[in-house]
Amino acid sequence: MDFALSDEHRMLKDLVARFVKDELLPLEASVLEREATGAGLGIGAAEHARLDETSKALGLWGLDAPEDVGGSDLPSMAMVGVEEEMGRTVTPYTLPPDSPNLRMLMATVTDRQREAYLAPYVRGETVSAIGISEPGAGADPAGMITRAVKDGDDWVINGRKTWISRAADADFTIVMAVTDKEKRRGISAFLVDKGTPGFNVLRRIPMIGGAATYEIALEDCRVEGWKLLGVEGQGFAPMQIRLGTRRIQMAAWSIGMAQRALDMICEFAPQRVTFGQPLSDRQAIQWWVADAATKIHAARLMTYHCAWKLDAKQDVRQEISMIKGFCTEMAYEVVDHAMQTFGAMGMTKELPLQLMATKLRTMRIYDGPTEVHKWVVARGLLGGKR
C-alpha cells in the first residue's frame, strides 16, 4: 500500500497550508478578540469577501465537486490533506462549497436540481443548511417525527428541527422528513428555499466557543414536487453520505488541531523554565509529547486509509465511526495537555487553544457522539443488526 499522496495532491495540500498561513492565521487575533467580547465566532463581511476572492484565485473552490459543474472532482484522499491544513486555524472559513451537503446533492440531484441547486452551490453563489436532528431525535434518526405528506404534486411538511448551522442565512435547507411511517427508515429529503411560507426560524441557540445553531419550525410548509431530493422513502442512504463526509472532515480537522497544539507545546516547553529546569526536561511533558505524536500519526494513517477505501467504493461504515470517535477524542486530549503546559496562559482567550478545545468538545457530539460510534463499531464486530 502506498501511503504517499500523489505529487498533485501533495502540492494542493501545500497550497492550502500556505493559504492558511498567509491568509487565515493573521486573522486569528481579531477572531479571538471578537469572541472574547461576546460578539460571537466569525469574521467581518469584508474579510470574508477578501478570503473568497483569494481562495478562488488560487483554485481552491469546488475541489471535490463534479467537473461538469465547474469542480475539480478530487478524491477523498486529497480532501483529507486539505481539511487537515484547514483544521490548523481557528479562523472560521470554509472553502466553497461545504463538502457534506455537496456530496449529498451529488448523489441525488435530478437534471433540473443540478442546474437550480448544485451548480450555483459549486460556484459559491449559495449557502446551504441541513435539518436532521429534532428535539426528540438526535443520534437516532429512527425517532424522527417531522412528516411530509403528498398533496397533489406538492409535499406539505410539518415538524420541528434543531441544532441547524447556518439556518438563518442559508439560501436553501435540506430537510429530512418521514414519508413512510411503516418503514423504520422511511424518510425523504426535500430542498426548502429560504423564505418559503411555513419555514420559520424560531431562535438562535448560542453554543460554546462563540458558535451558534438554530431551531426551525415547519408549519404546513409547501414544497413543490420536483424538490424532493432523491427517491421517496429512501433518504437515509444519501443522508449517511452527507454524515460520513462530515465525519471524515472532522477527523482531518482534529488531526490539524492536534498537530498545531503539539507544535505549540514543542515550541513553548524548552523556553519555559520552572524550578530551574525547562518544561521540556519534565517527564510529564515528554510523555505528553510522545503520546501526542504517536496518536496523531495513528489518526492520520487511519483517516487516510478510510478515505482510500471510500475512493475504492468499499464499505467504510466501521472505519468512519472509528476515526470520528478516535480522532476527536485524541485531539481533545492533546489540546487539553497543551493548555495545561501553558499554565494560566492556556486558560486565557488570548491563545487559540481555548477555541480549539471548545470546537473539539462540540465535535465529540456533532454528527454522532463518540459513544454511539463505539456502539456502531462493537455492533459490527459482535454481529448485531446494521
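Helices (H or I, at least four residues) and strands (E, at least two) are DSSP runs, numbered from the N terminus. Please keep in mind that this is a predicted model, in which local features need pLDDT of at least 70, side-chain atom pairs count only at pLDDT 80 or more, and totals for chains, interfaces and linings use all residues. Residues are numbered from 1 along each chain as its sequence is written, and side-chain values use heavy atoms, with hydrogens and water left out.

Let us begin with the whole chain. Its secondary structure comes to 11 helices and 10 strands. The C-alpha atoms fill a box of roughly 80 × 55 × 40 Å along the principal axes. The radius of gyration, taken over C-alpha atoms, can be set against a globule rule of 2.2 Å times the number of residues to the power 0.38. For 386 residues, a compact globule would come out near 21 Å, and the chain agrees, with 21 Å.

How much of the chain is buried? Here buried means under 20% relative accessible area, exposed means over 50%, and partly exposed is in between (1.4 Å probe, protein chains only). Buried residues make up 50% of the 386 residues. A contact means heavy atoms within 4.5 Å. Among contacts between residues at least 6 apart in sequence, 73% join residues at least 24 apart.

Now step inside. A nonpolar core is a set of buried Ala, Val, Leu, Ile, Met, Phe, Trp, Tyr and Cys residues joined through side-chain atoms within 4.5 Å. The largest one has 63 residues, and Val82, Met86, Tyr93, Leu95, Val335 and Leu353 touch the most other members. Among the elements that give this core two or more residues are helix H1 (7-24), helix H4 (76-86) and helix H7 (236-268). H7 supplies the largest share, 12 residues. Beyond its neighbours within four places in sequence, Met86 is in contact with Val16, Val20, Leu24, Tyr93 and Leu95. Apart from this core lies another, of 25 residues, including Leu102, Ile174, Val178 and Ala189.

Leu102 also brings us to helix H5, where it is one of the buried residues. Of the 10 residues of H5 (residues 99-108), 8 are buried, so this helix is largely enclosed by the rest of the structure. Arg103 and Asn101 are also among those buried.

Two glutamates are worth a visit. Glu23 is found in helix H1, and, leaving out residues up to four places away in sequence, Glu23 touches Arg18, Arg50, Leu51 and Thr54. Glu35 lies in helix H2 and is buried, with a relative accessible area of 9%. Not counting residues up to four places away in sequence, Glu35 touches Gly40, Gly209, Gly210, Lys349, Gln354 and Leu355.

Finally, look at the backbone itself. Most residues other than glycine have a negative phi, and most peptide bonds are trans. The bond from Pro96 to Pro97, however, is cis, with omega near -10°; Pro97 sits in the loop between H4 and H5. Asp73 has a positive phi, near 55°. This aspartate is in the loop between helix H3 (45-57) and H4, and at 44% relative accessibility Asp73 counts as partly exposed. Asp220 likewise has a positive phi, of about 50°, but it lies in strand E7 (residues 212-223) and is exposed, with a relative accessible area of 56%.
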